[in-house]
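Dear colleague,

Please find below the structure that I am handing over to you.

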Amino acid sequence: IALPHLVLLIMISFAMGGGTKGVIIAVACTHWPGLARLVRAEVRQVLSADYVRVSRLMGRTGWQVAVRHVLPHVLPQALVGAVLLFPHTILHEAGMTFLGFGLEPHLPATGILLSESMRYISAGWWWLAALPGICRSLDIGEESVHSTSLTLARTRSNERRHAGVISRRDLMALRAFVRKQ
């Protein structure tokens, strides 16, 4: 899309009537395509693997292949991708609320704190804007650290899973399949 993301979020939120409902719908409508592309690419990669082809040749149904081979590889990727979206969505919500297109003013949100503190900066009360901004930055940093650790854990588990180990049942089925040919 050639439209800036925040502008698209504001337009969708405004079209949905604004407020909390508008923010939720706007964020949901604009953040799923990237994760869907990632999951689709992962599914295509798993389906093109040799062990999936062998599994199909051995007579496994599409559901069996999906549950046994595709889902264990794609589900962790989708969960890590969803966790990586959290800091992004938090910043978009705060930005929309700061600009006045997000949550209602009586709700507690960082964007509301920042927008209300702007009138006090000229009076010398800079900490009213600095502290919520610093807290939001620390929160986003913490979310990024958590998502990075999840990504590393997923990578390590995939390395162990693909270490060339084949289950005894699959080995026996493969031997029986080779004997038939």
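**Salt bridges and overall fold**

Arginine 53 and aspartate 50 lie three residues apart in helix α3 (residues 50–57), so about one helical turn separates them. Helices here are DSSP runs of H or I with at least four residues, strands are runs of E with at least two, and both are numbered from the N terminus. The model is a predicted one, in which local features need pLDDT of at least 70 and side-chain atom pairs count only at pLDDT 80 or more, while totals for chains, interfaces and linings use all residues. Residues are numbered from 1 along each chain as its sequence is written, and side-chain values use heavy atoms, with hydrogens and water left out.

Arginine 53 and aspartate 50 form a salt bridge (a side-chain nitrogen of Lys or Arg within 4 Å of a carboxyl oxygen of Asp or Glu), with their closest N and O atoms 3.1 Å apart. Arginine 53 is partly exposed at 46% relative accessibility, and aspartate 50 is exposed at 55%. Buried means under 20% relative accessible area, exposed over 50%, and partly exposed in between, using a 1.4 Å probe and protein chains only.

The count comes to two salt bridges. In helix α6 (residues 127–161), aspartate 139 and arginine 136 are also three residues apart, and their side chains meet at 2.7 Å, N to O. Aspartate 139 is partly exposed at 24%, whereas arginine 136 is buried at 18%.

Overall, the protein has seven helices and zero strands. Of its 181 residues, 29% count as buried.

Yours sincerely
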